[in-house]
Amino acid sequence: MTGRISLLVAAGFLAGLLQGCSTMLLPKSKEVTASPWTTYQAAQETFDKIVPGQTTIADLRQMALDPAENPNIAILNYADVMRKFMLNQSFAVSDLDQGVRDCVMAKVACRGFEVTQSMVNKERQGNVVLDVLGFYRETQTSGWRFNGLILLKENVVIYKLTGGQPILQGTEENKNPLGPVQALGQRMTGITF
């Protein structure tokens with residue numbers, strides 16, 4: 001009888017410990033591109049300083065927009081630019097913004113820098129036991145994503161464009177009423193319940 005009581009006390013203690021430490025025991029992940037900016041706003045402020053027709057390649061280097069020095073900046077040639085802007089044959093060069101048109105017409109004298117930066121945090125929330133057994137999982141996502149495009153002709157910026165998501169925030173919930181049995185059934189049959 002004392003063995004059963006000891007087992008119940010140990011199980012209760014373990015359950016309480018797992019409940020109290022749930023945030024420490026659940027998985028977390030962080031996706032961060034190497035970047036000179038820590039926020040979306042900082043990246044946008046840098047791009048706001050770029051003035052087409054005035055900003056030079058030397059100015060871009062001072063702004064940390066040098067693909068040779070900073071990661072996650074892709075170098076585009078004029079063919080890459082055409083693929084980005086002329087999505088199908090119904091687009092004509094005359095339909096493009098003047099800076100993009102100048103780049104495409106300049107061919108090899110034009111190049112572009114495509115900047116893709118992000119910081120995304122994913123953190124599981126909830127009960128460790130339910131999560132580990134696969135009954136219920138909740139994942140909170142937060143962060144930001146920034147995209148920028150700079151076109152240069154003869155080492156002077158002729159076009160810029162920015163976009164992205166200043167604030168990422170979301171919740172993903174997965175509920176499996178049968179827990180590990182349901183996951184096993186999905187693996188064996190390939191059918192999603």
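Reader: Within which helix do both Arg83 and Asp80 lie?

Author: This is a predicted model, in which local features need pLDDT of at least 70 and side-chain atom pairs count only at pLDDT 80 or more, while totals for chains, interfaces and linings use all residues. Residues are numbered from 1 along each chain as its sequence is written, and side-chain values use heavy atoms, with hydrogens and water left out. Helices are DSSP runs of H or I with at least four residues, numbered from the N terminus. Arg83 and Asp80 are 3 residues apart, about one turn of the helix, and the element that holds both, spanning residues 78-85, is helix H5.

Reader: How far apart are the closest N and O atoms of Arg83 and Asp80?

Author: A salt bridge is a side-chain nitrogen of Lys or Arg within 4 Å of a carboxyl oxygen of Asp or Glu. Arg83 and Asp80 form such a salt bridge, and their closest N and O atoms are separated by 2.5 Å.

Reader: Which residue meets Lys175 in a salt bridge?

Author: Lys175 is exposed, with 58% relative accessibility. The partner is partly exposed at 45%, and the N to O distance is 4.0 Å in this salt bridge between Lys175 and Glu173.

How values were computed:
Helix = DSSP H or I, 4+ residues; strand = E, 2+ residues; numbered from the N terminus. Buried < 20%, exposed > 50% of the residue type's maximum accessible area, 1.4 Å probe, protein only.
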